[in-house]
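Here is a friendly note to read alongside the model. Please keep the viewer open and look up each residue as you go.

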Amino acid sequence: MPTNRYHHPDRQAGKPENSLTAPRDARPKGAWYRPSLLKVILLLVPLALLLGAWFEAETSTLQSRLLSDYGRRLSYQPQPGITNAVRYPRQGPFDERLGYVRLPMLLPRLQVYGMQVAQQAAFSPELLRYVDAGFYPPYREKSQAGLTILDSEQQPLFRFRYPRRGYGGFEQIPDPVVSALLFIENRDLLDERNIHANPAVDWSRFVKAALFKVGDAINLDTPAMGGSTLATQIEKYRHSEDGVTSSIEEKLRQIASASVRIYQQGADTLPARRALLVEYLNTVPLAAAPGYGEVNGIGDGLYVWFGADFDRVNELLSQVQPAGELLDGQGLALRQVTALMIAHRRPSHYLLQNREVLARLTDSYLRLLGRNGAIGHDLMEAALAQQLSFRDFHQSPAVQVNTTNKGANVVRNRLVSLLKAPLYDLDRLDLVAHTSLDKALQEQVTAHLRSLRDEAVAQQNGLVGEYLLRPGQSASLHYSFTLFERTAGGNQVRVQTDNTDIPFDINEGSKLELGSTAKLRVLASYLGIMAELHQRFAAMPTDDLAPLRDPARDPLSRWVLEQLIATPDLSLTDLLQRALDRRYSASPAEGFFTGGGRHTFGNFKPEDNGRVPSVREALQQSINLPFVRILRDVISYISYLQWSDVDRVLKDDSDDRRREVLARFIDREGAVFLQRFWVKYQNKTTAKRLDTLLSGLKPTPVRLAVVYRYLFPEADEAELAAFLKERMPQQTVSAKTVHSLFKQYAPDAFSLQDQGYLARLHPLELWLLGYLERNDNASLNSALEASREQRRQVYNWLLRTKAKNARDSRVRTMLELEAFSELQRRWKQLGYPFNYLVPSLASALGSSGDRPAALAELMGVILNDGRRQPVHRINRLAFATDTPYEVSLVLAPQKAEQVMHPEVAQALKLALADVVKQGTARRLQGVFHHADGSALEVGGKTGTGDNRLVTMTGGQKVKSRALSRTATLVFYLGDDHFGTLTAFVPGSDAKEFKFTSALPAQVLKGMAPILEPYLQRAETPRQE
């Protein structure tokens, strides 16, 4: 049976075949041209997709629903403590400027400085995935931000906003500005016919730009065209690296991020589109200007580039049908705004380099605006008739004037150090700093101190008189004031100010001789030693104490032993009172070996010379010589601790320990000289170094030969002869003499010390020049390390038997230096600000210098029963508030350090109260009161510094030049407030002033009406 070739073996017999599978000749006639279902589907699907895409592009219906729902899930929420659910940006001009990029580095640094994270924003899981995918997080970004400093009452102490000028909302923008921007950049942005429109994509421009890009890729001659909208431009200049679109991938990232950002605010995008226009005008980058820096926003651009007033420009552009001068002004305003809108495309190119090109482009756009009805014909003509006049930055610099006060500058400078950011960058951070300063009190005190420059006000405050000012001197005085409040969380700075117009801060940035305030530090050390000795000996049986009264012991140890033997159960409090009652001579007749030589000291009042006052009396009247002798006893005590039988080290030349001391002296002394010579010759060429060396040397053939042969050992006789002829042109040196000099003064013929002697130079100066000649890139440290043996050789004479007196002097000097080094360490525990004390008993009178703020810190230790609390000026930092990067830090609790015996602190406090009751600060007696009218306890210490440069010849003073004069009062007011007040005259004018520390005491008295209400309010404790 024949088989049908169209028969399918699986097909059931008799079942009709499907027309789609039946052979063509078996189908009904004409069925081949009828559309099948598959054809219909294949035709309709692309058409439907195209129609759907067109409909979505026109209406944005689907994306508005999807993205608005999705955007709401891209959230963040501040939460207590630290979180890992956050991603900080790594790039972007705005993210860098606002500090968001720095936060991952800043947070660990701030924690090292004692701050802890109190609150931090955490990303939702969706937002984490979104950002990890490479998109920019959507949130309402800040068009204007900057540093804000709030005082202790949350009042603004300083506020910087950048950009400085801008529109507060869409309704504030004049119609011509809106029309011009839309025409130039995004014509359909505010089309109200489609409330769901996505402003991130202009589909027609995007498709054209894409096609042109493809054409360019295959080397077709196609025009360049951008597909950016305002929304994507904002994403670009805010978040893209360097503010540019570096790739197609980056462009797509901008579009996606902008779309999500827009729809996160809701499916109806018209409000967000209006906000885009405001943000663009407020933040568009417009290059950087000399003396001003980065320029952003039309408002700042108008001011910086054209010197135009932003408010006036908007007022002109808001005029309806102006005429005459108003129309001309409106035309110029529009021309300036339009030029800036065009300049954004290449800001530096147009605004700094090619202003004529910018002018021509502006004309073109103005004509287009007029012809297309974006602006009226009259306005177009008026704008075309105007010329752009750029600011002359030399004649009229665009300086940013900040109204700041001393308190704000103190905080800003502290933030600069804390955040490692210069002031320019600091002010532009999105940061709120909470400070301990009290704005109202700060302003009142500052105003009062400034008013004291007025002669009449100074007279009213009693500042003219004996030990005060002379008539006419008030205007020259600088006053500096700090006030601290002791709280459970630390010492809070409430006021830190002065009456100068300079940024320099006398309180913290100076090193001044503050005179007798140093006596407070000496007294603290003296009483501290008494407490140490009491703790060491008080528990010992009396019989064991007697043998310890060795005459070789230091005077303080012997005295305490005598007191404990006489009164075995003597308490520390009583011992300290006896120590304050000890008497020291005020006689200036004695000479003191100190600072490497013999010195004498004088008292301020000659009538004190014959007195033998108690320590407390010497403190009250600020008598010098007793404190010089107290410090001598303190140094003697420290030396005894360091060397036990120190007298033997000082006197017995056979004591092996002397060689150890002398070795240290030699090392130190040689290093001191070497450092001086290094400063003299650093950064000089060989020729300059030689000129400098020989300029102070009387030239002779021998001296020059010694120097030349040492410095240039490879030179021959001819070169030596040429050198001698060059340096001594008026003298002829024979060849025979040159030959003799060359042989006799060979580099290895004499020791370094002898060569220095022959050349009449310090041997180490000669050595250093030779070292620098052989080591081009030498450093001071390398020179010090390389010179150890030479320094030892230079001072070998000290070890000779006949030089015992010289050795004694050096040993004594070195022991004193080491004792002062230990004293500096003790003072450092109490807040002394410097790493070096002048190793001289003159430090008792202020020669080592001090800072007012450091003295105040010592007063804080005394008020706080011997505990040193941290000093706070900044209590809280809040970065990026109301953003995904929000984080706030607070000071971590810090435990106070016990640096002084409580009994010593109490004794010092009472002694300082006596200074006010019957001493040099008695002007303050009864001045301050509690809220109930009772007298407030006040204590303090005064000091006067007459800082001069003295020239001595043969041990006699031959010249004295005034450098400055200071008078300081360190004080406490009640149990919780303390501070300093300093009067200061810098420069040579100081020689005309004779004021003493009575001046700051009188100034503080005059401040009572300002301070007393604050002190009484502060009696109610507050939380920091």
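The points below move from the ground rules to a sheet, then to helices and a few single residues.

1. **Ground rules.** This is a predicted model, where local features need pLDDT of at least 70, side-chain atom pairs count only at pLDDT 80 or more, and totals for chains, interfaces and linings use all residues. Residues are numbered from 1 along each chain as its sequence is written, and side-chain values use heavy atoms, with hydrogens and water left out.

2. Start with an open sheet of seven strands, whose order is 1-2-15-14-7-3-4 and whose pairing is mixed. Its edge strands are strand 1 (76-80) and strand 4 (156-159), each of which pairs on one side only. On average, neighbouring strands of this sheet are turned by 15° against each other, direction ignored. A word on terms: strands (E, at least two residues) and helices (H or I, at least four residues) are DSSP runs, numbered from the N terminus. Two strands pair if DSSP finds at least two bridges between them.

3. **Strand 14 and its partners.** Strand 14 (residues 874-879) runs antiparallel to strand 7 (residues 431-435), and five bridges join the two. You can find H434 opposite R876 in strand 14, while L431 has F879 as its bridge partner there. Strand 14 also runs antiparallel to strand 15 (residues 887-891), this time with four bridges.

4. **How enclosed is strand 14?** Five of the six residues of strand 14 are buried, so the strand is largely enclosed by the rest of the structure. Buried means under 20% relative accessible area, exposed means over 50%, and partly exposed lies in between (1.4 Å probe, protein chains only).

5. **A covered helix.** Helix 6 (residues 175-185) is mostly covered, with nine of its 11 residues buried. Among those buried residues are P176, V177, L181, F183 and E185.

6. **Helix 11 with helix 13.** Two packed helices are described by the angle between their axes and the distance between the axes. The axes of helix 11 (residues 298-306) and helix 13 (residues 325-343) come within 10 Å and cross at roughly 105°. Helix 11 and helix 13 are therefore roughly perpendicular to each other. Axes are lines fitted to C-alpha atoms, for helices over the stretch in contact, and angles run from 0 to 180 degrees between N-to-C directions. Angles under 35 degrees count as roughly parallel, over 145 as roughly antiparallel, 65 to 115 as roughly perpendicular and the rest as oblique. On the helix 11 side, I298, G301, L302, W305 and F306 meet Q336, V337, A339 and L340 of helix 13. This contact has seven nonpolar, two polar and no charged residues. In that count, Ala, Val, Leu, Ile, Met, Phe, Trp, Tyr, Cys and Pro are nonpolar, Asp, Glu, Lys and Arg are charged, and the others, Gly among them, are polar.

7. **Helix 31 with helix 34.** For helix 31 (residues 701-711) and helix 34 (residues 752-759), the axes come within 8 Å and cross at roughly 140°. That makes helix 31 oblique to helix 34. R703, V706, V707 and Y710 of helix 31 meet L752, Q755, L758 and A759 of helix 34. By class, this contact has six nonpolar, one polar and one charged residues.

8. Is R238 buried or exposed? R238, in helix 8 (residues 230-239), counts as buried because its relative accessibility is 1%. Its side chain makes a polar contact of 2.8 Å with the side chain of E141. A polar contact is a pair of N or O atoms within 3.5 Å; within protein, one must be able to donate a hydrogen and the other to accept it, and residues adjacent in sequence count only if both atoms are side-chain atoms. Not counting residues up to four places away in sequence, R238 touches residues including S143 (contact means heavy atoms within 4.5 Å). S143 lies in the loop between helix 5 (125-132) and strand 3 (147-150), and S143 is buried too, at 17% relative accessibility.

9. **S843.** Look for S843 in the loop between helix 38 (804-829) and helix 39 (852-863). Its side chain reaches the backbone oxygen of V838 at 2.9 Å, and a polar contact of 2.6 Å joins the side chains of S843 and S848.
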